[in-house]
Amino acid sequence: MKITMAHGSGGRSTSQLIDEIFRASSSNPVLDMMEDSAVVDGDTKIAVTTDNFVVTPLTFKGGDIGRLAVCGTVNDLLMRGAVPKYITTAYIIEEGADTGTLKFIAQSLAKTAKEAGVTVIAGDTKVIEGSGGVYINTTGVGFVKDGVDIKSANCREGDALIVSGTLGDHHAAILSGRMNIENNIKSDCAPLCEMVQNMMSEGVHIHAMRDITRGGLGTVLCEFAKNADCGFEIDEDKIPITPEVRGFCKILGLNVMHMGNEGKLLAVVAESDAQKALEVIRKSRYGENAAIVGRAVKGGDVTLITPLGGRRRVTELYGEGLPRIC
Amino acid sequence: MCVAAPGRVVEINDKIATVDYSGNLTKANAGVVNVAVGDYVLVHAGLIIQKISQSEAKEMEELFSMLEEMGNA
Amino acid sequence: MPDLNEIKEYLKNYNGEEKVIMEVCGTHTASISENGIPAMLSPKIKLISGPGCPVCVTVASYIDRLVELALTPNTTVVTFGDMMRVKGSEKSLRDAAAEGGSVKMVYSPFEILDMARENPDRQFVFAAVGFETTTPVYALIVERLLNGDTKINGDTKNVKLLTALKTMPQAIRAVASGDTKITGFLAPGHVSVITGHRLFEDMAKELNLPFVTAGFGGAELLAAIYALTKLKGGKALNMYPSVVTYDGNTEAQEKVSKYFEPCNAAWRGMGVIKNSGLVLKKEYARFDAGSAELCEDKMYNGACACGDVISGRKPPHDCPLFGTVCTPDTPQGACMVSMEGACFHYYTNNR
């Protein structure tokens, strides 16, 4: 069945759509009350984040917009040391969208929420004119224990930089489809709860964390350098990257420093904690390829040490990361 | 001006080759180079522009000795 | 043969006469930056970027025409990713797409043939920019169009090229003439694959300056720069022998001369250079989307020094707009737009 404007009327078609697809996938006592707002328990400081998801195609190798909508928001909560607890989901659906696809997305979202330990407590659906697109907004709420203070301004000269796995996979997976390049590269789209919670329970002193999404590691480090009283140095040959993604970058003239990921984090930890943090991440789900890639240094620049022994400045991503050909 | 990547021909079908770059497959036109499956080739913008000769190490050695001669000339 | 460490040591401590080496090719510019090479050289060795980024040397009137085509009903402009952001006198293709124009980005220009077959009632125009390396691609596309790829009355009728094709020799002559300080050229590696090393051997003799054809890896580039500090006068060396032969790819050369002929071409900021371009021959002009006459170069910002930058007369820092008005976020000229542009690389890599 295709979505029509009637599904957005607020009448019977709307409630059927919500009941059969969205509530059915994420059913729980809070959501099932179907009240105008969710009332939930809370007792500590809370972390809140919100994000819109507009990826095309809606499903891709390694994930789909539903899984992405949970991972993106949950990972943002985790990066401040919060334990993710609740999530809200708001869909904007263009007429012409296929209800089978919607069901798939809603179920994938629910499954990922379960994996990440978050409950879907509120939602909304709107239908607009268009040609079958689906956009999702999720807002996440997490709890932060007393004494936890993870933020980019905490980075100190001498700190170690750890990347939780191979870079560029999500970007390459999405772009492969658009550029007619066949490969087995999968999006890394994943909730990073286990590795963050393991680091915290093992007592690793995490100074700052960021999930390395759009704009890539280069952009994240430039943002950190602005907020912190230090610069950063990366050893290019330490950056984890699969041979497939490296080959992909070569074809299109892309640089992995600026490629997006959806299940990778950068952790800045005290140098004395670096080995321990690395081991904890490597033992956690989605962290087996983690590596120490560099260090915080004096000054405010972000510098890449190339395998050749050269140095170059790293900037934020400019433009759109389009393939370079000529 | 011209990004070009080295890959290996894995299939060839009527002047259209499938080229493998570390697990990434693309179609490339083989209209100006005669290639066979297994050849290493250089591809620019969907066109195979040259076969890659595999004897570069030796050639570089010769180059440098040539360079020393030319530099001293 | 010196090993890589000896070459590095030598280049770091070089204290001979000053060398000003132009890397002609934009992909060399990008690779030099990515490998962090400028920081590895003695202050006595200067690298300057030449006119070898096809996006950077494309004039405003050409972009304007692409924008116009993209906004024409039932017409799609097909292009490489780089071209999307370059502004013409007012708009870029990205702007045209935002206004509802039809623009499609591809990796391989051959994809235009599939698009045309699947949408026989729609017109497709390829933004055919490039140097000697890319022109054979367009020659093969014309060959396919002649064979009636969509099998409708012979010719494929719904594919055209808007060409801004350039050839290197005249542009190199232009930058090597006059008040230049250039002491040697890093010859463009992938152009040489097509033209053969012979072209640059001849140019070296003619200009009495050394040319080294180089590959694109960091070590290969260092070796080529090393060679350029040693070579004198009109000597030439092919240091990319794995793919560059003396005669080049003669089959590609033949295809190009079958369908294209030399023409005068306008280079952004450098004006019209005689015989520095290629256009479709008269008998194939029906595949041209109106490329002739696209010579006017009305600059988006009159103070832009792109022309001096690509001809090596000014480093990017000497342009009054560099880093202030003109940044990668607000590019005023093509050298800042293109990911192979000299200004873009000087800005983003602090060269």
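Chain C averages a pLDDT of 90, and 96% of its residues score at least 70; pLDDT is the predictor's confidence in each residue, from 0 to 100. The model as a whole scores ipTM 0.89 and pTM 0.88. A bit of housekeeping: residues are numbered from 1 along each chain as its sequence is written, while chains are lettered from A and ligands numbered from 1 in the order in which they are written. This is a predicted model, so local features need pLDDT of at least 70 and side-chain atom pairs count only at pLDDT 80 or more, whereas totals for chains, interfaces and linings use all residues.

Let's get the layout of chain C first. Its domain assignment gives domain 1 (4-54 + 168-238), domain 2 (60-130 + 133-166 + 249-287) and domain 3 (306-349), with bounds that come from an automatic or database domain assignment.

Now look for the open sheet of 5 strands in chain C, which run in the order β2-β1-β7-β8-β9 with parallel pairing. Strands here are DSSP runs of E, at least two residues long, helices are runs of H or I of at least four, and both are numbered from the N terminus. Two strands pair if DSSP finds at least two bridges between them. At the edges of the sheet stand β2 and β9 (236-238) of chain C, each with a single partner strand, so one side of each has no neighbour in the sheet. From one strand to the next the twist averages 20°, with axes taken as lines fitted to C-alpha atoms (for helices over the stretch in contact) and angles running from 0 to 180 degrees between N-to-C directions. Within this sheet, β7 (residues 184-187) and β8 (residues 211-213) of chain C run parallel and are joined by 3 bridges. You can find C:Leu186 opposite C:Val212 of β8(C).

Next stop is strand β3 (residues 75-79) of chain C, which is mostly covered, with 4 of its 5 residues buried. (Buried takes 20 or more other C-beta atoms within 10 Å of the residue's own, exposed 12 or fewer, and partly exposed falls in between, with C-beta atoms placed from the backbone.) β3(C) pairs in the parallel sense with β5(C) over 4 bridges, and C:Val77 has C:Val125 of β5(C) as its bridge partner. β3(C) is also joined by 3 bridges to strand β4 (residues 103-105) of chain C, again running parallel; there, C:Thr79 is bridged to C:Met105 in β4(C).

How do domains 1 and 3 of chain C meet? Their centres, taken over C-alpha atoms, are 20 Å apart. The contact takes 15 residues from domain 1 of chain C and 11 residues from domain 3 of chain C, where contact means that C-beta atoms, placed from the backbone, lie within 7 Å. On the domain 1 side, α2(C) gives the most, with 5 residues.

Finally, the neighbours. Chain C puts 37 residues in contact with 25 residues of chain B, and the largest share of the chain C side, 4 residues, comes from α8(C). The contact with chain A takes 30 residues from chain C and 18 residues from chain A. On chain C, α2, β5 (123-130), α10 and α14 (342-349) each supply at least two residues of the side that touches chain A.

Definitions and conventions
Two residues are in contact if their C-beta atoms, placed from the backbone, lie within 7 Å.
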